[in-house]
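This briefing summarises the computed geometry of a single protein chain. It is arranged by topic for reference alongside the coordinates.

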Amino acid sequence: FAGQLERPHSASAVHYTLAGFFTYHYRRQDLGMSRPLAGANHHLKQALEIQTRRHGPVHVSTLCSNLVKAQVLLLSDRTSSCSKLLERQLRFCQQLLSLD
């Protein structure tokens with residue numbers, strides 16, 4: 001990505017996948033991950049930055065990343081932040097589903 005002004009769209013998929021991996025395996029000690037939820041947050045931030053800029057907040061990729069972010073907040077015992085994010089994402093999902 002060196003020298004490019006914008007990261008390619010595929011980078012958001014890589015960040016999302018890594019965040020999912022860190023989130024799914026956050027309790028495993030045998031993988032050598034010192035702070036998996038921090039790693040998940042880092043990759044979600046990167047994915048959301050790309051997705052929001054390219055697609056907006058209601059695109060399916062942005063919704064998925066924000067739902068994983070809500071899961072990370074919940075696993076980190078940040079239930080208030082999780083609740084607010086989850087409610088907003090569920091409203092977006094309902095809007096999208098009503099378009100069918």
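The points below proceed from the overall fold to the core, the helices and selected residues.

The model is predicted. The protein chain contains 4 helices and 0 strands, and its order along the sequence is α-α-α-α. Of its 100 residues, 34% count as buried.

**Overall dimensions and contacts**

- Taken along the principal axes, the C-alpha atoms of the protein chain fill a box of roughly 45 × 40 × 20 Å.
- The accessible surface of the protein chain is about 6,600 Å², and carbon and sulfur atoms hold 57% of that surface.
- Among contacts in the protein chain with a separation of 6 or more, 52% are between residues 24 or more positions apart.

**Nonpolar core**

- The largest nonpolar core consists of 8 residues: Ala19, Phe22, Met33, Leu37, Ala40, Leu44, Val68 and Val72.
- At least two residues of this core come from each of helix H1 (9-24), helix H2 (36-55) and helix H3 (60-75).
- H2 gives the most to this core, namely 3 residues.
- In soluble globular proteins, nonpolar side chains tend to be buried together.
- Leucine 37, one of the core residues, is in contact with Tyr26, Val72, Leu75 and Ser76 when neighbours within four places in sequence are left aside.

**Helix H1**

- H1 has 16 residues and spans 23 Å from its first C-alpha to its last, which is close to the 22 Å expected at 1.5 Å a residue.
- Ala11, Ser12, His15, Ala19, Phe22 and Thr23 are the buried residues of H1.
- H2 and H3 are the elements against which the buried residues of H1 pack.

**Loop between H1 and H2**

- Histidine 25 is located in the loop between H1 and H2.
- The relative accessible area of histidine 25 is 16%, so this residue counts as buried, the limit being under 20%.
- Beyond residues up to four places away in sequence, histidine 25 touches Leu31 and Met33; Met33 is also one of the residues of the largest nonpolar core.

**Helix H3 and its end**

- H3 has 16 residues, and the distance from its first C-alpha to its last is 23 Å, close to the 22 Å expected at 1.5 Å a residue.
- The buried residues of H3 are Ser61, Thr62, Leu63, Ser65, Asn66, Val68, Ala70, Val72 and Leu73.
- The cover over the buried residues of H3 includes H1, H2 and helix H4 (79-98).
- Valine 60 has its place in helix H3.
- With a relative accessible area of 52%, valine 60 is exposed, because that class applies over 50%.
- Valine 60 and isoleucine 50 are 10 residues apart in sequence, and their C-alpha atoms are 13 Å apart in space.

**Cysteines**

- The structure holds 0 disulfides.
- Cysteine 64 is in no disulfide, and the nearest cysteine sulfur is that of cysteine 93, 7.6 Å away; a disulfide would need the two sulfur atoms within 2.5 Å.
- Cysteine 64 counts as partly exposed, at 30% relative accessibility.
- Cysteine 82 is likewise in no disulfide, the nearest cysteine sulfur being that of cysteine 93, 14 Å away.
- Cysteine 82 is buried, with a relative accessible area of 6%.
- Cysteine 93 is placed in helix H4 and counts as partly exposed at 22% relative accessibility.

- Apart from residues up to four places away in sequence, cysteine 93 touches Leu63 and Leu67.
- Cysteine 93 and leucine 63 are 30 residues apart along the chain, while their C-alpha atoms are separated by 7.6 Å.
- Leu63 is one of the buried residues of H3, and H4 is included in what covers those residues.

Notes: Residues are numbered from 1 along each chain as its sequence is written. This is a predicted model: local features need pLDDT of at least 70, side-chain atom pairs count only at pLDDT 80 or more; totals for chains, interfaces and linings use all residues. Side-chain values use heavy atoms; hydrogens and water are left out. A nonpolar core is a set of buried Ala, Val, Leu, Ile, Met, Phe, Trp, Tyr and Cys residues joined through side-chain atoms within 4.5 Å. Buried means under 20% relative accessible area, exposed over 50%, partly exposed in between (1.4 Å probe, protein chains only). Contact means heavy atoms within 4.5 Å. The expected span of a helix is 1.5 Å times one less than its number of residues. Accessible areas come from the Shrake-Rupley method with a 1.4 Å probe; for residues, only the protein chains shown count as cover.
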